[in-house]
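Try each task before you read its solution.

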Amino acid sequence: MKRRLAAVMAVIITSAQLLPCAVSAEEAAIDSAAVSVSVSEDNKTSEETKTSEEDKMKDALTLVKSRIDIPEEYSNFSYSSGVENGVTRYNFTWKDPSGNEAYTVEVKGDIIRRFSSPQRTYNFNNKPSLAAHDSDFYVNKAMSWLCRVNPSMKGFLKSSDVNLSITSWAVNVSFQRQYENIPINGNNFHLSLNKQTGDVVSFYGAWWQDAEFENPAYVLSQEAIKEIYCKEVSIKPWYRVYYDSETGKKRTNIVYTPLNSFNYNALTGEHSSMNDDYEKYMDTDRYATPTASVYEEDFVEEECDDVDAGAGIDNPATGVQLSEDELAAAAEINTFLTSEQFRELMIKDPFMGITDKYIADNFRISRDENAECGYSIQCNMRINNKTESRSVNITADAKSGKVMSFYTYNNEGKTNINVKKANSLANKALKYYFGDIADEYRADTENTAPISTDGKNKITNRCMRYNRYVNNIQVTNNCITICVNSAGQVTSISSYHDKDVDFGDGLIVNKETALKLVCQQQDMTLEYDGFTDLASVPHTYLHYSMDNWSLNAVNGKLCNYNGEPIVKAAEIKGCPYTDIASSPYKKEIETLYLHGVKIYSGDKFSPGEKMTYGELMNLLEIISGYGYEPMPLSERMTANGSVTADSSYFTRMELAKEFTRVAGVDSCAKYPGIFRSPFTDVKENDKNLGYAALAYGMGAISCGKDGKFYPNAYVTREYAFHCAYNYLKNNSEG
């Protein structure tokens, strides 16, 4: 794989722009030496600042049009722009002259992260149909297109999901970002493709730009990290009460679950610093003082090798011409306030209470007919530090900065609640309302916890919780809640108490044994996690974590929420049915399954069994696009006109009638003398000939090698799927 180093970039950082990746946020704010090689905003003229905004928009347009083909007839251009966590984001729209169809693209930095074509809004008749290709075809088309649009993604994507459906005109494909075959949480893309052609019609996703990842070569082994986990995790047994569907009675199991969870540094086994770092980087004081800095960043970019639909683009700007409308739009954005200019105006506002410690978060500009200039600014002025947390959401004219609206939240102070008196009142209410069961309940420890307040907000009410215990084990969801306020009033009460339950003797394995059993049955998950700060700088972490689990405390097996056993079947890429190998309709059954027709669960299809009324109704409803109404039972007739003897099953002739109803042509079948029989065993004078002839013409039914239809034979599962497949195939091609 070829690699290349990106050119060294010098980027001027302001309070709403990127912080250096090569140094910490604190170092960036302190190291004034870095400023010497750049020109400060104060020394730049207003015209120079405006020109840079115009150039940035031109660059974004050039990037989009070099990677996505926008037909010339889509000449009605509009846009919106904004600053999202310090990085400029553009939303471009190209409409046709009628204004009914449009291409829309969102670009942030050097990543195109949203796209929608006119095909996205086409109806495609909304007819249930089969896909023209297999799932691998769509994955390859989606991967090829995505790598051409965002070349830097090549080599870091893995297909995570493909969704074929007979009731959708689109095929949906999802990709998960990976580094060294380790998934990166929160980095993925989702694409929709035309089911017949494979053309990408829309996509969206998230991708941390310029992120760096730790080398996973020296991660701790599963044994080592599990040992650390078992020493730290706290677990607790719970009674689970649930209904047994077979007996209709309540049953109980005792289940161990973890009370806490940890993200571990996968290299050291120490607790991850991610959450603490997040709190640190969300402190807006770090971004409040404008500083100009230059940083150098070397990063490795994977070249996009040739793929099915084309190769990556090394020089996306080559040959791109911007239209007059696009150039005019870039010049127009030149006249609008920047985020920093807007922030300075808002600081001067005498009523909002915004100081120079606030930042302009999620600053964006979009068309707004209520704004004087036709565009408005929407911005959240935020402060979040050790002493203050507040936000003010503002809408203002994009040129003048005149405020159109804003809102904020302030707590109203009242008397703090007296915890002791509140508990005394709640306990009296408990005995009064629930005296017959109160002895089974214990007050939650949080009931008597002292109030916690920062001195500004008052705690004026509290809800007291009482939990049920049996055999010294807490019973899930069995609790009494009593809420009181500082005025000495009971404001609400509620309870849930399972009755007529056999809780058994409560004998279970001890906690140490339970943890050993969990680690024998489940590995810990290794993945990259992280966040982007308020200046869009990505912070990544290589983590081990234990997926959530439940363990039956009696038999020591991993279980579901209710303590029932779970079976982790091997991952099956295709159809799971193990008993269709000898069926003549194996292909049809498998294809429908992959298109979401899954009316039978498990690994058994039982192809030769008679299909019940309910099963057939389910199948026909799916292939009709969920708009199907079955034929009245009184009209279910056999070939000779008599009512079906066993109304729980269908004959082949009845199936033919149902297909004409699915297609909406059943009324035509009643005309006498206009149909010829396609089968040797359906006579020309048969009252149901029209149904058989129409279903045959639609491709839903066919005759055997002997030319017969066997109209009175019961429909088997495999035959019904065979007919459904043929109907859909014919529908797809028509």
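**Exercise 1.** Which backbone nitrogen does a side-chain oxygen of asparagine 510 reach at the start of H10?

*Solution.* Begin with the ground rules: this is a predicted model, in which local features need pLDDT of at least 70 and side-chain atom pairs count only at pLDDT 80 or more, while totals for chains, interfaces and linings use all residues. Residues are numbered from 1 along each chain as its sequence is written, and side-chain values use heavy atoms, with hydrogens and water left out. Now go to the start of H10: the oxygen of asparagine 510 comes to within 3.3 Å of the backbone nitrogen of glutamate 512.

**Exercise 2.** Work out how H10 sits against its surroundings.

*Solution.* Step 1: find the buried residues (under 20% relative accessible area, with exposed over 50% and partly exposed in between; 1.4 Å probe, protein chains only). In H10, which spans residues 511-521, these are Ala514, Leu515, Val518 and Cys519. Step 2: look down the axis. The buried residues fall within an arc of 130°, so they line one face of the helix; the arc is that of the directions from the helix axis to the C-beta atoms. Step 3: turn to the face away from the buried side, where Glu512 and Gln520 are exposed. Step 4: list the packing partners of the buried residues, namely helix H4 (222-232) and strands S10 (235-243), S11 (250-258) and S24 (551-552).

**Exercise 3.** Trace the strand partners of S7.

*Solution.* First, S7 (residues 170-179) is mostly covered, with seven of its ten residues buried. Next, take S6 (residues 157-163): S6 and S7 pair antiparallel over six bridges, and valine 162 has valine 173 as its bridge partner. Six residues lie between S6 and S7 in their hairpin. Then take S8 (residues 182-194), which runs antiparallel to S7 and is joined to S7 by nine bridges. Asparagine 172 stands opposite serine 192. Finally, inspect the S7–S8 hairpin: two residues separate the strands, and glutamate 180 in the turn has a positive phi of about 55°.

Terms used: Helices (H or I, at least four residues) and strands (E, at least two) are DSSP runs, numbered from the N terminus. Contact means heavy atoms within 4.5 Å. A polar contact is a pair of N or O atoms within 3.5 Å; within protein, one must be able to donate a hydrogen and the other to accept it, and residues adjacent in sequence count only if both atoms are side-chain atoms. Two strands pair if DSSP finds at least two bridges between them.
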